[in-house]
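Colleague: I am new to this structure. Please pick one part and take me through it closely.

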Amino acid sequence: MAVTACGDDGDSSSGTGGRETVTVAALPLVDCAALYIARDRGLFEKEGLDVRIQQIQQSLQALPALAKGQIDMVASANYVTYLQAHEKGTLDIRIVAEAIRAAPRMMEVLVPEDSDIKTVADLAGKKLAVNVLNNVQSLTFDEILQKQGVGRPVYRAIPFPQMGAALDKGQVDAVHAVEPYDSAIQDELKARVLVDGASAPVEAIPLSGYISTGDYTDGHGRTLAAFQRAIKAAVEMAEKDPSVVRDTLPTYTRVTKEQAESIDLPVFPPVMDATQLTRLTDLMEKQGMLKKPIDPATLLVK
């Protein structure tokens, strides 16, 4: 059922043609493919929504705006950042939909072609770029290192779009890059893959989602149900024909059409799974990124 301004259960603003306006902050990552597919293929419009996308470079940047109600949702939101904010009481989060789960080769640790770093053990004490410190990249990579029994690198915060330049200039020894930056850095710098960041024991772990707040979700149930239906339809479209994702990527990222043809795609879950999300919260608690347990099932918008 299409959502209309008078029929919703909250104070949504009216967008183009009387559709409900939903403002979403989004990163220029593969994570957001379903969001753009839903917009460009008219899936949001079909559900009576006018989804307006604001691009950001790090999901952390959107946290204050979400807390103040200046935006309604963050797409491809790094779960770790928002779960930590929830635990601290600075943001009462709700998970509207999953964005991606890890898949082979969709996030990798890269080193220069001529680097002396030949094995994961060689990374100990070296500078490794991640998008945000103390977040999902270091969380999952530390678990990989622990499994292999080797030491940790020194993490440096560098936004994904700047990682290639930082590696090229020698500002860091390695980068932990996600698609589409992963493939772009390999292509442009001939960087060498040191390790797959989605390998055991963190294979298929949830990485990012569509995050809103309790205040917003409590008052906009039908709007959010419409949003979820559109995202699910986009994911099903992508699952049936991955070229839909590859055709969409150059429209909102810097990845070229040629690069989009060969990048490794993540898993786009069609529905939320609290059991899978618990893998992440358990890992956060194990590594001290959460001080107390969080049950993801209590945060899902159903």
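Modeller: Here is a close look at one helix and its surroundings. The model is predicted, so local features need pLDDT of at least 70 and side-chain atom pairs count only at pLDDT 80 or more, while totals for chains, interfaces and linings use all residues. Numbering starts from 1 along each chain as its sequence is written, and side-chain values use heavy atoms, without hydrogens or water.

Start with helix H4, residues 79-88. Helices are DSSP runs of H or I with at least four residues, strands are E runs of at least two, and both are numbered from the N terminus. H4 is mostly covered. Eight of its ten residues are buried, meaning under 20% relative accessible area (1.4 Å probe, protein chains only). They are Tyr79, Val80, Thr81, Tyr82, Leu83, Gln84, Ala85 and Glu87.

What lies over them? The cover includes helices H3, H5 (136-148) and H12 (274-286). Strands E3 (73-78), E4 (93-101) and E10 (206-213) also contribute. Contact here means heavy atoms within 4.5 Å.

Now look just past the end of H4. Gly89 takes a positive phi of about 85 degrees there. Move on to Thr90 and Leu91: both are touched by Ala67, leaving aside residues up to four places away in sequence.

Ala67 belongs to H3 (residues 63-67), one of the elements that cover H4. Its relative accessible area is 43%, so Ala67 is partly exposed, the class between buried and exposed (over 50%). For a sense of distance, take Leu224, 157 residues from Ala67 along the chain. Their C-alpha atoms are separated by 18 Å.
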